[in-house]
Amino acid sequence: MAADPATSAQPAASETERRRRLPGARLLSQISQAEGTPKRLLYTGVAIVVLFLILAIFAPLIAPYGFAQVDSDGVRFAKQAAPSGSHLFGTTVQSTDVLSRVIWGARTAVEVVALSLVFSIAIGVPLGLVSGYVGGKLDRALVLINDALFAFPYLLLAIVIAFLLSDKIGQGIFTAAIAITVVYVPQYFRVVRNHVISVREESYVEAARALGAPRRTIIRRYVLANVIQNVPALATLNAADAILTLAALGFLGYGIQPTQGAEWGYDISRAIDDAGAGIWWTGLFPGLAIVLLVTGFTLVGEGLNDVLNPLIRKRRIRRPRIPTGAEAEAEGHGGVG
């Protein structure tokens, strides 16, 4: 007995629907469908970011020395030694290896950026959802607070937060992450809130509200799914800006303590005097690391923005194949027969 085509197609359809609902499935589908320069920029940025992620994760295995190591086998490294076979990027005035500090600095940067993005999204997105959907006095109060934070210059605000926390929890990775988090929470709040205000009046939200769905369910199942697509592109662009903010904090002395980890901004600040003396390597390589990682995150952000925006996304289009005269005649005879 032949199987019912509708019955046999039902499991395949349900499996396809299940895959579409997986986290990130929609994003991966949109990326795979994109074509042109945005997709190439996205892949280039991802390659750069993955390179620094590998350096950060495997820093103890890749770095030839520790971030504060000044000797090997009882022999102290030379001060401000030029790049050579034993020290590919040279040494600093503290006799530390520049290559090792660059690699360990990648770990510090990735840890601070990851923590700050997680904190910013975990605070800014829920606040934006609640403020945009509920409205009223709560919305006005949250908008006032976030606008007040947004009015401060972001670097000045980060310095103030880092200074206030330095006496209580010290100048470490957690302090730097919190200082950067305060800077970026208003951005996520604004983007999500403005989008929620337009989404909450859509017909499907009105239908769910008319059917008696709880407010929490409507926000989680219907509103969040339609506003969250703006967050990945914003997060990658904020990650690029967070690298510069962390470097600025380290350059000014409010970042990571030298005894707690390597930080590119701190290394550049110590290399200012070296540059005047013609010692270029102590500041060049940390600066190149900052530029390269910021470029990688920027390319990822711009690529995601172009790929996720349906108005400017280029899709893969297959050219139609027009059969020749002989093929058309053969198909015609086949249909008649």
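How many salt bridges does the structure hold? The structure holds 4 of them, a salt bridge being a side-chain nitrogen of Lys or Arg within 4 Å of a carboxyl oxygen of Asp or Glu. Please keep in mind that this is a predicted model, in which local features need pLDDT of at least 70 and side-chain atom pairs count only at pLDDT 80 or more, while totals for chains, interfaces and linings use all residues. Residues are numbered from 1 along each chain as its sequence is written, and side-chain values use heavy atoms, with hydrogens and water left out.

Let me begin with Arg193 and Asp139, whose side chains meet in a salt bridge at 2.6 Å, N to O. This pair links distant parts of the chain, since Arg193 sits in helix H8 (residues 173-199) and Asp139 in helix H6 (residues 136-151), 54 residues apart; helices here are DSSP runs of H or I with at least four residues, numbered from the N terminus. Arg193 is buried, with a relative accessible area of 17%, and Asp139 counts as buried too, at 11%, where buried means under 20% relative accessible area, exposed over 50%, and partly exposed in between, with a 1.4 Å probe and protein chains only.

A salt bridge also joins Asp147 and Arg190, at 3.2 Å, N to O. Asp147 lies in helix H6 and Arg190 in helix H8, so this pair ties together parts that are 43 residues apart in sequence. Asp147 is partly exposed at 33%, and Arg190 is partly exposed at 35%.

Finally, Glu206 forms a salt bridge with Arg209, their closest N and O atoms being 2.9 Å apart.

How values were computed:
Helices (H or I, at least four residues) and strands (E, at least two) are DSSP runs, numbered from the N terminus.
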